[in-house]
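Try each task on your own before reading its solution.

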Amino acid sequence: MKKIFAIVLAVIMIFGAVACSSKPAGNEPANNAAVSSDTPWLTVDGKCACGKCSVDMSKYSPYIQQLIYEAHKNGETLTVYGACDESYVKAAGEKFEELFQIPAEETRYATGELFTKTEEEKNNPQADVWFGGSNDYYFKAKDAGLLQAYKPENEKNLIPNPAFIDKDYEWVGIYTGVLGIMFNMDEGKELGLEAPKTWAELADPKWTDKDGNKLIALPNPETSATATNFLATQKYRLGYPDNLDSAALEKYLKDFDKNVTQYTKSGSGPSKMVGPGECVVGISFLHDGVAQIANGYKNIQLIVPEDGTGFEVGAAAIVKNDKNPNAAKLFIEFCLTADCVNMGKDYQSMQNLVITDEAGAIQPELLKEYGIDDLSKLNLVPYDVSDVAPKLKEWTQEWLSYVGDDERHQKKS
Amino acid sequence: MEAKTVTPQDYRSQSKKLDRKKFWNDPILIAMIVIMVFFLTLFIVYPLVMLLSEALRSSDGHFTLDTIKETLNYVTFKTAFFNTLKLGLIVGVTSTVVGMLFAYIDVYVKTKTKILAGLFNVVATMPVVSPPFVLSLSLIMLFGRTGFITKSLFGLRTSGIYGLTGLIIVQTLTFFPVCYLTFKGLLKNIDPSIEEAARDIGASRMKVFTSVTLPLMLPGIGNAFLVTFIESIADFANPMIIGGNYDTLATSIYLQITGSLNKNIASAMALFLLLLTMALFLLQKYWLERKATATLTGKAARGRILIEDKGVRIPLSILAGAVSIFVIGLYVLIPIGSLFNLWGYDYSLTFKWYEYTFASGGAKQYTDSITLALISAPITSLMSMLIAWMVVKKKFALKGYIELVSMMAMAVPGIVLGIAYIRGFVTGVFHVAELFPRGQAPFWTLQGLYGTGALVVLVFIVRSLPVGTRNGIAALRQIDKSIEEAATDLGANSGKVFTSITLPLIKDSFISGLITSFVRSITAISAVILLVNPRVNLITYQISESANKGYYGAACAAATILILIVYAAILLLQIFTKYFGTSRYIKREE
């Protein structure tokens, strides 16, 4: 008998938990502190008018001060869905909480998961903001109506470049990275191969060794934005958009394909294969390679192809209909400061920052070491993500028709 | 059926009337039926229908078969479908055989020293206490492209372990303990006198095994084979990590959803996967179950005389010993792997991966995992025993539904269940919460469930229910109905019969259910991969993230901690049940 009651009780408890999960009401503004008359969000002695926090308001502009006050007044919290390295997502959330005294919670998802989850939650958003991940997905999210436009005050901190912020302000850039080639020097020496300097070189049959082992790894364009970036880069390199040499492109992709040992699911997959020697040449964003070098793989050489390469922008955005609007805006402002972006290098995220030096951004040392800290010095293709993003699916199909689908097209990590 | 005389027909209708009367006089049974039907409908049928109906719906909401047709012509689907089937069949057979070997030795054979017997036991239960994918991890670390044995020792540049071979090894070692536990329970319940009778009239051991033991075990074998088959085809984490280019349906569904963002195709694939597993389930139910035998008659069974023949003992010991050493090696590798800087490249010792584990996820993911698994385990175990009991011993209209649905969850790959749960509950049941102003949806819409640990607990329950129920059913089948009928005739109601007769008799199954559901929950990954959120953080998620990123050290470190937690929990549980278990009271009363 007891056991049956236990079950009934358990069921009741489950529903009880549901009933109890509604949020507590927001804090009422404190009335005891004297409020400044022309800046009602501050007390006369320059503190936050919520009267409960110890945020140093003098560090912030009046607009940011208001966001802080409103967030505190409404008892807002912040939920971050991140797509860059787990430890970076966590560190960013903790830093935000420390600076603004707004409780923040964060989880890291793979970019595809992040998108799917947010789309499923469209009518009951759980997240307030997205943090990190390629803006390719931010474009998809924008199309799906998942993001909230917001023009941040700290836009001024961004390096002026139309690629670094959405023209409708639905996302802002926080970092960028160039696509490139990673080369395993030990294996290269063993096989008597020099590091490649250009994309064109990779179509050479020498990248299949005499035993028939193919030596290059590329992410799978069907699952990875890194790989579609590679396809777009090849298009640009061969004349896109005005005088694309389609025959040359087809020949290149077919010849290149003959040297590919594996198409990995994840965009950073090849960067992890190079160090341990699972492939000799890996194609990924170079900051993934830098992270591997920082992990201890000193045998990796990074190459920015001389014939021009593509780049990605990592972004942040506010989720539409989020429950904590002031905290979310504040987070976007925070993402555009040195406080946030300078942390990346300590958390496996070695990207180029898109914040100006004047705003205090410090580019990761390792990038300087490999000469990829200053994008303006590199030969980049005129990558226009708003033009390219809608075409990527079609280009992937085109690529598939050239190379066919076989067992190398690994759809898993 | 044609009645030859009037009298039997009368009897029959009279007995039906009596049955009906008995049913309505049993409010506890009725309450249980109502609760179960409600629970199963709301938390299994409803979300799946919400998701799978998408496969039959066009973008403007009309019924269409276009998606189904498109999927059937999709090369990715066809490959994945046959891959899945092949893998399931092979692993079903291998796991059953290995499970049988271990159970037979455990119950029948007198091993030379107790240490050896104990060792087998530990080895057989090891895969139960660890997350399913850690074996993939250590297999890669040994035999992968940069594996210790393949690359460092023999200098081979091979990727042979990725794919079918690796999957068969890993899945067999992961799933055979379930078979082992099932067989162990069954073998123990076989009355030794039956076999001894056969021996006495001159049958050899082999003859006894094939003509007495095996037929008695047949329902159990079918059951174990089926469980493994379905587990194998619904498995997600292993194919993801070690499957290489060998695509299965479960991984294809995941990639359609998160990679290609093609949800309709994914729904259609999920539908086919479900049809496949349901077909297997029905096959088992209507074909195997007819052969079920009652072997536990209620008379106290005597102890078994253990086999001491060298001809039986030595080969079996060697065989099981080889498997044991291999399995132990794989598990020992996990804590070892967590201590090296970069596996395959830089074998210097470090604790940095433990630091990384706590830096990226913190202690919260451990406490969350433990708490939620602890809540779900007893609920699951009790529910599955209740369902098993109702299905085996009771007759009522919705019995088939309860049995089918509680089993169905096993046939659903976790990733599909996870998405079905999001779709089903994000804005309340049937999206009714959307009708209310934001944040003001009333309690009954169940919107509040979304994003809480309660939803994760529900997923845990639903995911573990089939295993517990299946084992419960197999165990109950062996209990002669007359024992319970006697109690009922003496005036006990359903509740009393269940707690004082049935439960003590199936205590082994109950405890194994408790352990299994705790472990399945704490090590679940695919079902919760999309349900984790900042409020509910789970350790398995971090392990698979690390493995996918190639941080084998970090994955090993987190897995080591997880295995320790699970092992500690099981030990505590065993101590607890030893001192407070029902059988103790029975023994005392004897």
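The exercises below concern a predicted model, and each is followed by a worked solution.

**Exercise 1. Find how many helices and strands chain A has, and what share of its residues count as buried.**

Solution. Start with the secondary structure: chain A holds 15 helices and eleven strands. Next, take burial over the 413 residues of chain A, of which 52% count as buried. Finally, look at the contacts in chain A with a separation of 6 or more: 72% of them come from residues 24 or more positions apart.

**Exercise 2. Work out which strands pair with β8(A), and in which sense each pair runs.**

Solution. Begin with the strand itself. β8 of chain A spans residues 281-285, and five of its five residues are buried. Now go to β5 (residues 172-184) of chain A: five bridges link this strand to β8(A), and the two run antiparallel. Within this pairing, Met182(A) has Gly282(A) as its bridge partner. Then turn to β6 (residues 216-219) of chain A, which is joined to β8(A) by two bridges in the parallel sense. Here Ile216(A) stands opposite Val281(A).

**Exercise 3. Decide which residues of α4(A) are buried, and what they pack against.**

Solution. Helix α4 of chain A covers residues 111-120, and nine of its ten residues are buried. Among them are Thr111(A), Leu114(A) and Phe115(A), as well as Glu113(A), Lys117(A) and Glu120(A). As a last step, list the neighbours. On chain A, the buried residues pack against β1 (78-82), β3 (129-134), α5 (135-143) and β10 (311-319). On chain B, they pack against α12 (249-258) and α18 (414-425).

**Exercise 4. Describe how α6(B) packs with α8(B): what are the angle and the distance between their axes?**

Solution. The buried set includes Val134(B), Met141(B) and Phe143(B).

Second, recall that two packed helices are described by the angle between their axes and the distance between the axes. For α6(B) and α8 (residues 164-189) of chain B, the angle is about 135 degrees and the axes are 9 Å apart. α6(B) is therefore oblique to α8(B). Their crossing is right-handed.

Third, identify the contact. α6(B) contributes Leu135(B), Ser136(B) and Leu139(B), while α8(B) contributes Gly166(B), Ile169(B), Val170(B), Leu173(B) and Thr174(B). Sorted by class, the contact of α6(B) with α8(B) has five nonpolar, three polar and no charged residues.

Methods
Residues numbered from 1 in each chain as written. Chains lettered and ligands numbered in written order. Predicted model: local features only at pLDDT ≥ 70, side-chain atom pairs only at ≥ 80, totals over all residues. Buried ≥ 20, exposed ≤ 12 C-beta atoms within 10 Å, placed from the backbone. Helix = DSSP H or I, 4+ residues; strand = E, 2+ residues; numbered from the N terminus. Axes fitted to C-alpha atoms, helices over the stretch in contact; angles between N-to-C directions. Parallel < 35°, antiparallel > 145°, perpendicular 65-115°, else oblique. Left-handed = near helix turned anticlockwise from the far one by under 90°. Contact = placed C-beta atoms within 7 Å. Nonpolar A, V, L, I, M, F, W, Y, C, P; charged D, E, K, R; others polar. Pairing = 2+ DSSP bridges.
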